[in-house]
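I opened my notebook to look at how parts of this protein pack together.

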Amino acid sequence: MHESIPLTTQTHESKEDPWTDRLPREIEHYLNTDPAYGLSTTEVNERLAAFGKNELQEKKRNKLKHFLSFFTGAIAYLMEISIILTAVTSDWVDFGIILGMLFINALIGYSEEAKAESAIDALKNTLALQTRGWRDGQLREIPASELVIGDIIVIRLGDIVPADVKLLGIGATGEEVEGDLQIDQSSLTGESLPVRKRKDDLVYSSSIVKQGQQLGIVCRTGSDTFIGKAANLISISTDAGHFQKVVNYIGNFLIALSVFLVIIIFVYDLVETKIRTGVVTLGDLLETLKEMVLLTIAAIPVGLPTVMSVTMALGAKQLAKKQVIVKRLTAVEELASVSILCSDKTGTLTLNELTFDEPFLSSGYSKEDLLLYAYLSSEPATHDPIEFAVRNAAQQQHPFITSDSHQVMGYKVISFKPFDPVEKMSRAKILNKNDQTFFKVAKGAPQVIIDLMKDQHHLKAEQVVTDFANRGLRALGVARTVPKSILDESDTDEWELVGIFSLIDPPRHDSATTIQECHEYGLSVKMLTGDQTIIAKEVANRLYLGDDILDANVLVDPSKSETEVAEKCLEVDGFARVIPEHKYRVVELLQSKGYFVAMTGDGVNDAPALKKANVGIAVHGSTDAARTAADIVLLAPGLSAIIDGIKTSRAIFQRLQSYALYRIASTIHFLLFFFVITLAEDWKMPPIFLILISVLNDAATMIMAVDNVTISKEPNVWRLRRLLLLATVLAAFLSLFSFAHFYIFRDVLLVTPGQLSTVMYLHISCAPHFIIFSTRTESFCWESLPSWPFTLVVLGTQVIALILSVYGVVGDANVEGIGWITAIVIVAIALVTFLLVDLVKMLVLYLWNKKNPYHSPIVKRKPTIQLPTLRSPHSPSRAHKFQQDHHLQWETRAY
């Protein structure tokens, strides 16, 4: 029975070119150690000095520097400058408010990310601590960290291999060994079954010995090992998060606009003071500076990072209740933009357990018969995965087999011959206690079992064997002889074929459903595995994923351009014969085409790609390396929790986008009004009102984290140009009402200056704040009603503003109350303004979408060809069809 070993050898049936892990020539002279003596202490010390210890280099993140990193960025810098200026001008109220918001944002971000330790530390922890080996002619315990190239060590059942080792084919004391090692390297390579390793094969660090015992010579240690290369890939995956880029983009735009206009007003005030008094004193400078700081604070989005951090933190808390742990806070938002989900097969889409598949049965035999005879011909003491799978299936599904004692009710094993590599089968002689007859059973390679029938023709069985082979399934045949009396001493046996069964690492029960749901939510799913292509196709078909599977060697084919390989990655449904570098490469190529990529996995081999992906997702039962490299960790088995994550992240995205639109529009409106009114009328709002606008309105928007939203059926992206255009139009429209209020109340209704200040405060507090009910949805405001806590808090802050305006009790002698009638009229006008703003919003969106009909939420591109021309005479892969359905064949363009 052949095993799939894509890293070292290949079965003779496969036509794929093997990838071979070769040792560098420069270390060959270090591998001449005498297996019976080992290295001397002197040689060990010399090689430790030359190659270093057998451990992965640590690159620990400084906790203080990590915390201070949350005080960087355009908005943070401006807040810090504002803190200094408020201290200079003795404005301690605003000093405390801004300082508090700055620290709240930093503490939220740091506390959420503090759990994420270096993935390299987890990789280091997977190394074995002790091993037995030869040194100075003695077999002794050696710390794994002190192993060097050329060390002779013993590898035996249950060991975690401490370094990359080349097998010598002999036992611990130099004796010949029979049989091969069975090595579980699924967490390294993604292969679903333990692989056979024989003399001169390489066994990788951190893989597990499932069967056998041999001496090996250490050939690679530390960061040079197979697992060490994965650690190096993790260390270079340091791309800045997309969400941070978006926040900086919005922040930079608003800050540049705010600072530019405020500086003009600042210079204008100083010039006016100079003209009026003839001199500008230090007191005049500080007073003007204080006014400008207040104006800037009221205008710039100092609460933007805090509101967004709180919204994402609450989203992370919601996901935690569904057993989805968010380790990097911004991953909550970035998951909403993911359009391609790359999933590791072994242990993620499948159970990582070899199980009994649906069998072929000969006439007159049942599935229970097949399980019974396969069980009776299985070796009870071996850890061979195939024998274990047979025993496990029989114990679970046959009524007479209830324990692992290898005793079956009514039957007794008289003699047993284990699997023979020459005969390619195992045999047993069985006594039927019920009728005192005996018979023989055999289990092994299907063709060998069929040949036992001699002259009998089993064309259907042979066709089944061929079909299993074409599908990459590991098949076994089971036969039994016609029962004989215990007194019958003849040597002739009449064999009958019981059936043929296959073994496979089956899909999880929810994998196919999850993939279908991902498709419904606009996600293309691609499978990655270290298994052979035919095995990958079989699993992909069972998952209804599609069968266009690409050999991973194409990813590094020097004859193909980067563009060709990337386009091929988009078209296929999965990748086979994948190693860590290939997974990393797949993610990198898809990202280069403008896609947001999520990667799921559970093993060490997945860690580099998890780190590289926009969102790395470690599934239930993951290794430490996978969990620490990932942004999100699933605590429940399977992938169904990913759908919960997608829904929650898209809800969070809608809230963040709503707040961003509201905050940009209100900021532009505020700046536009005060810039024009200051230059045109030399009018200034009392500082206390500027503080109230900043505090009440920003505090109220915190509640957006619990607002009702409509979850998108397609990936979300930040359409920043549309966002800024829409915000600017809404701000300009609001400004018209602000100017109307100012001039009507001052020149028509002839209110006093103190009342005018109150009127404008109440209007600027209410009108821009009410538009949050419009910006929270891309449809008409009444089609998506807000949550009652959100409505209560937003209206509550304006009730406070209303009461303060009615009585004018704000601690400023220059402020006068305006009475209930005037105040209620202003609030009513603000509500009407909000409804008109909603109509303007819908008009702008209609015109934008009409001009940009192909603006995709997945990749910002326009079609270069009509969809019908995408058809080909060949049936498209599911991934290719998905691209056609979702208009993904587009040319990249900037925001």
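This is a predicted model: local features need pLDDT of at least 70, side-chain atom pairs count only at pLDDT 80 or more; totals for chains, interfaces and linings use all residues.

**Entry 1: two helices.** H23 covers residues 640-681 and H25 covers residues 720-748. I found their axes 8 Å apart, at an angle of about 40 degrees. The crossing of H23 past H25 is right-handed. I then sorted the residues in the contact of H23 with H25 by class: 20 are nonpolar, five are polar and two are charged.

**Entry 2: the cores.** Which residues touch the most other members of the largest nonpolar core? I noted Ile250, Met685 and Trp718, out of 149 residues in that core. My friend H23 turned up again here: with 20 residues, H23 gives the most to this core.

**Entry 3: one serine.** Next I picked Ser774, which sits in helix H27, residues 772-775. Is Ser774 buried or exposed? Its relative accessibility is 0%, and buried means under 20%, so I put Ser774 down as buried. Last, I asked myself which residues Ser774 touches, not counting those up to four places away in sequence. My list reads Cys781, Phe834, Asp838 and Lys841.

Conventions:
Residues are numbered from 1 along each chain as its sequence is written. Side-chain values use heavy atoms; hydrogens and water are left out. Axes are lines fitted to C-alpha atoms, for helices over the stretch in contact, and angles run from 0 to 180 degrees between N-to-C directions. Helices (H or I, at least four residues) and strands (E, at least two) are DSSP runs, numbered from the N terminus. A crossing is left-handed if the near helix is turned anticlockwise from the far one by less than a right angle, and right-handed if clockwise. Ala, Val, Leu, Ile, Met, Phe, Trp, Tyr, Cys and Pro count as nonpolar, Asp, Glu, Lys and Arg as charged, and the others, Gly among them, as polar. A nonpolar core is a set of buried Ala, Val, Leu, Ile, Met, Phe, Trp, Tyr and Cys residues joined through side-chain atoms within 4.5 Å. Buried means under 20% relative accessible area, exposed over 50%, partly exposed in between (1.4 Å probe, protein chains only). Contact means heavy atoms within 4.5 Å.
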